[in-house]
Amino acid sequence: MNRRFAIDGVFILLTGLAVLMIVAMVAVVLGNIAYHGWERLTWQFLTDQPRAGMTEGGIFPAIFGTVLLVLLMTLVGVPLGVCVAIYFSEYADRTSRFYRWTRQAVNNLAGVPSIVFGLFGLGFFVQFVGGAIDDAAYAGRLTFGQPALIWAALTMAVLTLPVVIVSVEEALRAVPQSYRDASAALGATRTQTIFRVVLPNALAGVLTGTILAVGRGAGEVAPILFVGAAYFLPHLPTHLSDQFMHLGYHVFVLSTQSPDVEATKPILYATVFVLLGLTFLLNLVAIAIRTRLRLAAAGAR
Amino acid sequence: MNSSAASARDYPLLKTQVQARATDAPAPKEAGKMGVESLTVLYGARVAVNAVSMQFHSNLITAIIGPSGCGKSTLLRALNRMNDSIPGIKVEGKVLLDGAEVYAPGTDVIQLRRRVGMVFQQPNPFPKSIYDNVAYGLRVNGMAGSRADLDSNIERALRQAALWNDVKDRLNRNALQLSGGEQQRLCIARALAVRPEVLLMDEPASALDPVSTAKIEELMFELKKDYTIVIVTHNMQQAARCSDFTAFLLTGSLIEFNPTASLFTTPSDERTEAYITGRFG
Amino acid sequence: MSSTATTGPVPADNLARRRRRDWLVERLIYVAALLAILVIALIFVFVGKEALPVLTSAEVQKETDLSKLFLPQQYGTPEVPLPYVWQPVSEVPKYSLMPLLLGTLKVTLVAMLLAAPLGILAAIFATEFAPNWLRESLKPLIELLAGIPSVVLGFFALIVLATWVQDFLDLDYRLNVITAGIALGLAVVPIIFTISEDALTAVPRSYRNASAALGASRWQTAWRVVLPAALPGVFAGIVLGFGRAVGETMIVLMASGNAAITSWNFTEPVRTLSASVAAELAEVVFGDTHYHVLFFIGTLLFVITFVLNWLGTAVVNRMRRRLTGAER
């Protein structure tokens with residue numbers, strides 16, 4: 001009897017150890033980055049231009065480019081994601097073929113490798129759409145038919161679409177059916193019910209989805225490698241057809257293509273710290289909102 | 001007509017609860033504000049309402065009673081087509097409002113629901129302010145008008161629901177902060193705001209405490225002066241207390257439909273008598 | 001009628017206007033849903049379109065075709081035969097995909113060897129043995145791990161982990177399969193953990209109660225009753241994790257050494273399918289063979305992950321339907 005409990009204890013310990021290992025690995029990664037990145041983190045760093053071949057100065061252009069990218073991405077991606085989520089939650093006939101196809105499409109979208117998004121951005125947006133725009137509006141002069149902010153934003157919008165849809169749909173489903181019934185019984189159309197009663201109560205989900213999408217937008221590099229990101233630009237991007245600097249891309253290039261790794265290491269660590277801190281903050285906020293949403297839904301039932 | 005009157009009169013308590021009504025009430029068979037003719041509602045293959053025919057008269061309260069699952073809620077929801085969104089539902093027969101068929105193709109369901117209002121079993125005010133709750137129906141139907149118009153309509157509705165004095169100073173408070181009984185009266189006010197002609201009430205007091213229930217019943221007496229009321233209830237005493245006509249449904253079929261006074265004292269069907277004397281259900 | 005009646009019934013034009021708006025909004029919503037389908041189709045079309053010349057263009061096939069991509073060739077010399085070589089940038093371009101496929105497989109294997117046991121055991125701990133407060137704090141932690149951008153993990157592997165691994169195992173190469181595999185495993189753990197945890201939680205409480213009532217210890221219940229019952233879901237988690245690992249780009253790009261070597265040695269560098277595309281696309285000439293082959297690789301990745309995801313979500317859906325009666 002005692003021996004069985006002893007063996008029992010060993011296995012339970014094993015599983016606990018697994019958890020400990022994961023936590024430890026995460027802690028090591030975060031700790032290392034925080035430890036080395038902290039010293040360079042000053043207000044100067046965040047607002048200054050890079051200097052001396054990325055060994056001095058700051059990363060403001062990268063932050064600016066990332067913010068711009070994320071803003072455009074959100075402008076296109078969130079409304080589209082909300083509409084698809086509304087379709088799933090309010091309009092869809094579960095038995096219809098269209099519903100199943102749409103559901104499959106969104107699930108598959110979530111699983112597409114990020115590099116394939118990069119190829120899509122290049123093949124479709126840059127070359128096809130961009131080329132067409134150049135022929136139509138710029139008499140063939142290369143303006144949009146090359147890596148550009150707008151194409152990167154659209155590519156990222158497509159990449160983060162499933163994230164937005166999942167969050168918003170969850171929030172829409174959490175709205176009690178009784179609200180929809182009450183609204184319908186008062187003579188409201190479905191549109192009125194959705195936009196006056198259901199969606200306002202699902203705003204937390206829209207927020208969560210947006211925040212998670214923004215986190216991905218700041219951190220994903222592969223999709224924008226040849227669709228708009230650049231390492232060093234003399235000016236900040238001002239047009240949709242400009243290229244831009246990006247926090248994640250900056251980390252990538254600094255890590256792999258810097259002529260003197262040791263000299264750029266402090267800047268590199270600090271950049272990683274900023275990127276990590278940003279995505280962590282966004283994720284924490286999104287998780288907090290979602291937890292509160294779930295608790296409220298459970299309490300209302 | 002078999003009369004088991006002897007057994008019903010053996011229950012004096014029930015008899016005293018039935019109030020004598022003026023006999024100028026129309027006979028059960030005359031056409032009313034709303035009516036159903038051979039109405040059958042099926043969920044797929046399951047028959048929920050079986051060829052029911054009855055009339056709902058203006059300025060009167062008609063109660064529909066019966067054991068759980070007898071189809072009374074389904075019948076009620078067929079009147080304002082709230083069943084439409086349920087997949088696999090089939091409706092046969094006629095539902096008439098002022099003589100016009102409600103299920104005719106081309107009927108404006110939105111318009112119908114404004115004219116035939118509904119109050120649900122669980123109070124379901126929107127998570128908005130009291131003011132916005134009552135204003136909702138007016139706004140979505142384009143009846144809001146100026147701010148002064150809206151204010152006066154809201155006051156009217158809240159007065160009709162006997163809630164005005166309780167909430168007039170806190171119209172901007174969240175409706176969910178009200179007590180259960182107050183929330184239900186708010187839902188009644190919300191339904192009344194759009195000036196319906198018929199008011200459908202699906203067990204409106206079953207989720208409330210006795211004091212709130214009594215208030216709702218008092219309210220119904222006042223409201224019937226201006227509206228046609230149809231109430232579904234599993235509480236027989238409530239039906240006996242409040243209604244002018246009572247319909248008894250059993251497994252989807254209409255067993256008896258008579259003035260309340262006679263249904264409860266001299267039921268014309270032995271199944272009705274069995275139900276009201278508590279032998280089943 | 002009681003009191004002041006200032007507004008009458010619904011204005012007629014309002015009803016018509018609302019109906020029109022309702023119709024319009026409904027159309028828009030359906031168009032949005034259609035766009036979702038369209039997008040995934042567009043991805044397939046536009047990536048596949050640029051890959052097609054590998055199969056159809058005689059011009060391209062002079063340099064490479066399906067057989068050259070997958071079958072052993074006569075590269076190298078009779079003394080040192082090299083059946084599979086990926087060397088698109090050279091005097092005689094060589095386009096064998098096998099080194100890349102092997103590279104992807106090796107790194108993914110290491111990642112799964114790390115991530116699957118860790119993820120599953122941790123999920124078992126979270127659902128069966130951990131107190132409530134620990135379980136509720138573990139889930140956000142795993143979500144935070146999932147939120148770490150892969151470029152950050154790649155950075156860490158490149159700058160820090162590579163040195164540790166090289167010192168610890170006394171390796172010749174700093175960037176190799178093991179280093180990249182560890183970092184990749186860390187990225188995949190959250191998927192396996194989350195889906196396994198869902199699967200384990202879905203196992204009815206009654207199973208556990210019955211087992212305990214028969215005198216089984218907590219571990220025996222977990223190992224012999226709960227885990228087997230959750231196996232389909234756990235398996236799906238592994239499949240989806242595998243798919244994620246195969247498609248991952250930045251970590252392998254930064255930490256695997258990017259040398260297209262064909263061998264089963266895990267201490268050597270490799271080049272994966274995804275990393276090849278990422279590394280070489282910037283240098284290709286638009287429209288030449290190399291360009292088309294890279295898109296071909298992209299299509300291949302798309303199809304592989306498509307199939308893996310389809311498999312995984314089919315199982316997850318079945319599991320969810322059994323639990324809640326609702327399909328995702």
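Me: How many bridges join strand 9 of chain B to strand 10 of chain B?

Reply: Before that, this is a predicted model, where local features need pLDDT of at least 70, side-chain atom pairs count only at pLDDT 80 or more, and totals for chains, interfaces and linings use all residues. Residues are numbered from 1 along each chain as its sequence is written, while chains are lettered from A and ligands numbered from 1 in the order in which they are written. Helices (H or I, at least four residues) and strands (E, at least two) are DSSP runs, numbered from the N terminus. Strand 9 (residues 245–250) and strand 10 of chain B run antiparallel, and the number of bridges joining them is 6.

Me: Which residue stands opposite B:Phe248?

Reply: Look across to strand 10 of chain B. The residue facing B:Phe248 there is B:Glu256.

Me: Which strands stand at the edges of that sheet of 6 strands in chain B?

Reply: The sheet is open, with mixed pairing and the order 6-7-8-3-9-10; two strands pair if DSSP finds at least two bridges between them. Each edge strand has a single partner, so one side of each is left without a neighbour in the sheet. Those are strand 6 (116–119) and strand 10 (253–259) of chain B.

Me: At what angle does helix 8 of chain B run to strand 6 of chain B?

Reply: Axes here are lines fitted to C-alpha atoms, for helices over the stretch in contact, and angles run from 0 to 180 degrees between N-to-C directions. Contact means that the C-beta atoms of two residues, placed from the backbone, lie within 7 Å. Helix 8 (residues 180–193) packs on the sheet, touching strand 6 and strand 7 of chain B, and its angle to strand 6 is about 170°.

Me: Why is chain C more spread out than a compact globule?

Reply: Chain C has 13 helices and 4 strands, and its C-alpha atoms fill a box of roughly 105 × 65 × 35 Å along the principal axes. The radius of gyration is taken over C-alpha atoms, and the globule rule is 2.2 Å times the number of residues to the power 0.38. For 328 residues the rule gives 20 Å, so chain C counts as more spread out because its radius of gyration is well over that, at 27 Å.

Me: Which helix of chain A gives the most to the side that touches chain C?

Reply: The contact takes 64 residues from chain A and 67 residues from chain C. Several helices of chain A supply at least two residues each, including helix 3 (60–91) and helix 11 (261–300). With 17 residues, the one that gives the most is helix 1 of chain A.
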